[in-house]
Amino acid sequence: MGSSPLATRPPFRRWAYLVLFTIAFVCIVPFHSSTFISSAFLQSSPQEFVRRSQILSKCAYIRSKPGPPPNFHDRTQSDRYADSENTAPVLVRNATIWTAANDGHEVLNGDLLIHRGLIKAIGDVPLSLIRQVESKHGKLEVVDVHGAWVTPGIVDLHSHIGVGSAPELNGASDTNSRKAPILPWLRSIDGLNTHDASYELAIAGGVTTAQILPGSANDIGGQAFIMKLRPTAERSPSSMLLEPPYTLNGSHFDHSLTPRWRHMKHACGENPSRVYGMTRLDSGWNFRAAYDSARKLRDAQDDFCAKAESNSWDDLAGNAFPEDLQWESLVDVLRGRVRLSVHCYEAVDLDGIVRLTNEFEFPVASFHHAGETYLVPDLLKKTWGGTPAIALFASNFRKKREAYRGSEFAPRVLAEHGIDVVMKSDHPVVNSRYLLHEAAQAHYYGLDPSLALLSVTYTPATAMGMGHRIGMLKAGYDADVVIWSSHPLSLAATPTQVYIDGIPQLSHPGRHVAKGPTTSPRTPDFDSEKMATVAHEGIPPLEPRSVKGALFVNVSGLYMRGGGLTGVARISEKVGSVAVEDGRVVCVGQCSDFAEGAVDIVDLEGGTITPGLTSFGSPLGLVEMRLEPSTNDGSVYNPLDGDLPAILGDTIIRAQDGLMFGGQNLLLAYRGGVTTAITAPSGTFLQGVSTAFSPGAAHANVENASVVDEVALHVAISMSSRIGVSTQIAALRNMLFGEGGDKVLRRVRKGKTTLVVDVESADIMATLLRLKDEYEAHSGRELRMTFAGATEAHLLAHEIAKAGVSVIVTQSKPFPSTWEQRRILAGPPITQESLVTALLKAGVNVAIGVIDEYNARNTRFEAGWFLLTSNGFIDRATALALATTNLEKALGVRREMPQDLVAYRGGDVFEFEAKVVGVISETLGRTDLFV
């Protein structure tokens, strides 16, 4: 049996070792007097002397502040560098390097030398240093990026990657414990799954480091850890960690070391209340009681150390240093040794935490989600220990009451108050692969470009206590580097290569990525919208100003419906002016006579007028706040769950009956260029009949508020249902082959109405294609079928095209959320094709939609993403068709759609430079202005 070598030595040798160890040890422990050292040594046994020395060392350690050791920047290789992962040094040549230095304003034109996991030199790299590296290593990889932008690796301050794994499976669902609301002793590292499919995807978006937080089900959810996302030779979670605290494996370590930062998650508000059936009052007490327990332990430790350091050893006879494994991490919070991340949305919750910090005197590193922080900047500055950084979404708001006042202008407002802003993913809530896009959106709505880039690099790195090594490109920092296809804040900026610890992560660097703009977008003026948002505390009036006529001047291009293969045609390139009246274009070109009347003149400043977009996929108009049932139409009764209420008879639910107008998401979509919304009832299996309506209408009885009363019949076939797939298919077969029933179902059987099937799995799609063939052979009629969602449709793209089935892609940024979505086509830079381009090339009629109602306003950016990442395959007319004519064809809209147009100031529909300033609504017979 194995045993400790020290335990097997003769007693006199063990005494000698203990004495020698003690003499060496006390040399580095800051005792109060040399007299005490000699006295203690002469009057105590060697074992007692070692015990006292260890106590004094621990007392000194618990008061030490975390950070890098004094000689950290003298290192010649990274602590994460391993010979088994040895790669050649890299010289990145001819780069435009945004370093993050000088408050984000430093941009260098030059080179970057990477070796042994570190940045060795940047800018003007000395030839002598290059030759020195070559002579020692023998090989130098030179990468000429031809002026491309290079930045530090993206840093995600709020992620659940690894603990909330993709695809989502019960066996790897470790984000939250639901055992108690106060759990500071839990640790995210204990649930970190190394097989999460998200790692590769996040890296493909330039993310190199993430803080892995426990979830927000608890007031105190546990301890967080920082990790680099690259795979390691050891293949273990521990080997992925960045500067894990020495307490990771217990309290027995060298206490002379400089402490490392620890990390912890708190949450307040709706989530803990919902999970534990309590209120904010309960959470407030939970926090105070927990911190009171920690304070008592801290005070006991301090009293113990005071006696030890004053040489009152007799008072400590027989007593051990006070420790409690459950509360020790919270004691470290009180000592200012933990970077605390606090999930809080509303002013009431923020105020509670600020008061808590002052009662117990501890700092907060960052508030997360923090939807109302921009409304209470002075409150934030009262946080004990200094103002926290604020970690935000760009536009993911309004899904619950506490998030309802969130604003796209929050990053700008907070920055104007001198508060650090972080954009975060909360992965998988937002796919962390697109974290940079969150920063780009914040920039679009007014955040300074330097601060926008800092918000996903150096600012989060500093908030997590890692600003000494990541988040900046500087000699001696970790070699986490991203080379971009275009300016990082431009729409669809994509990495061409990513280095983590100096190791390249992309297998085909640059091969699948088209180059984009090299300058930062010139973003629109949103000053009035920002001021209105603050003045109305997050719920500004969004209704447009309606006019009978208007003259748009300085128009660079006009697109309208009709003509061409896509059904969208460019009418003119150099338009000049466009006059409109009663929602119709009445003059193009020289329209000076029109200006003589009492009309509004709107300068588009070189912008364009294009067809209004159509939104599909989200419950827009049926849902205001997803988690507040009283604000929603509700879910449709699933006939597979039991007998339908007799009162329903054969009736299929119609979305039109539950529409609600004037909601924030609906009006924001209208302001984002969406002039028609097509919405289906929410539910599983038999969802119901969708309807098309105008988001700009005030209510259902407005003339032409309903564009098409009954659009399509919707069903869902999913492996995630409680009912088996084969049972769902059998039920659908029975519906199709049966007789009677609702009139919409009868129209589906006759081939007059489209059957839209929400489906993700290629296997289920193959079954549906067989069912289509079976029905058509039996009935002699066409079954008009469309797949919505269709994450795995690329696997049978040609079969779908042959069957004449359309596909509506509702996840433009692919992610394997569930098992039936696991075989995604990732798109550039991982694969050359996206799902949309693969289907288009196979001859499928393809359209796009969005799943979340808050995201309907971003439909134009979703279409633009496909345009800009298609390597030239998709042109602007096709991109417009994805969210207009192709979508209407897929849903079976047979009537000629209204010629609703949208006016963009300052740029094109698919650019961050452009802003919607008006809707020319033939549907409503008016022009709506937002200026």
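This is a predicted model: local features need pLDDT of at least 70, side-chain atom pairs count only at pLDDT 80 or more; totals for chains, interfaces and linings use all residues.

**Entry 1: helix α16**

Next I went through α16 itself, residues 527-535. I found E529, K530 and T533 buried there. Looking down the axis of α16, I saw these buried residues fall within an arc of 100°, so they line one face of the helix. On the other side of α16, I noted M531 and A535 as exposed. What do the buried residues of α16 pack against? I got α12 (410-416) and β34 (915-921).

I turned to β10, which spans residues 338-344. Six of its seven residues are buried, so I put β10 down as largely enclosed by the rest of the structure.

Which strands pair with β10? One of them is β9 (residues 262-267), joined to β10 in the parallel sense over six bridges. Within that pairing I picked out H263, whose bridge partner in β10 is R339. Another is β11 (residues 366-369), again parallel to β10, over four bridges. Here I found S341 standing opposite S366 of β11. I then followed the chain from β10 to β11: the path goes through helix α10 (residues 347-360), and this β-α-β crossover is right-handed.

**Entry 2: strand β23**

Are the residues of β23 (residues 613-616) buried or exposed? I found L613 and S615 buried on one side, and T614 and F616 buried on the other, which leaves both faces of β23 covered.

I looked for a partner and found β24 (residues 674-679), which runs parallel to β23 and is joined to it by four bridges. In β24, I678 is the bridge partner of F616. I traced the chain from β23 to β24 as well: helix α18 (residues 664-671) lies on the way, and the β-α-β crossover is right-handed.

**Entry 3: I653**

Leaving out neighbours within four places in sequence, I listed V636, L648, P681, Q687, G688 and V689 as the contacts of I653. I also compared I653 with W313: they sit 340 residues apart in sequence and 79 Å apart in space, C-alpha to C-alpha.

**Entry 4: cavities**

How many cavities of 30 Å³ or more are there? I count eight. The largest cavity has a volume of about 310 Å³. I found 31 residues lining the largest cavity, with R433, Y434, A826, P828 and W865 nearest its centre. Both α13 (435-444) and α24 (859-868) supply at least two residues of that lining. α13 gives the most, with three residues.

**Entry 5: S834**

My last stop was S834, in the loop between β31 (806-809) and α23 (835-841). Its relative accessibility is 9%, so S834 counts as buried. Which residues does S834 touch, not counting those up to four places away in sequence? I wrote down L825, G827 and F866.

Notes. Residues are numbered from 1 along each chain as its sequence is written. Side-chain values use heavy atoms; hydrogens and water are left out. Buried means under 20% relative accessible area, exposed over 50%, partly exposed in between (1.4 Å probe, protein chains only). Two strands pair if DSSP finds at least two bridges between them. A crossover is right-handed if, with the strands pointing away from the viewer, the path from the first strand over the helix to the second runs clockwise. The arc is that of the directions from the helix axis to the C-beta atoms. Contact means heavy atoms within 4.5 Å. On a 1 Å grid over the protein atoms alone, a cavity is a set of points where a 1.4 Å probe fits but cannot get out, and a pocket is an open set with protein on both sides within 12 Å along at least five of seven lines; lining residues have an atom within 4 Å of a point. Grid points are joined across faces, edges and corners, and a volume is the space filled by probe spheres set on the points.
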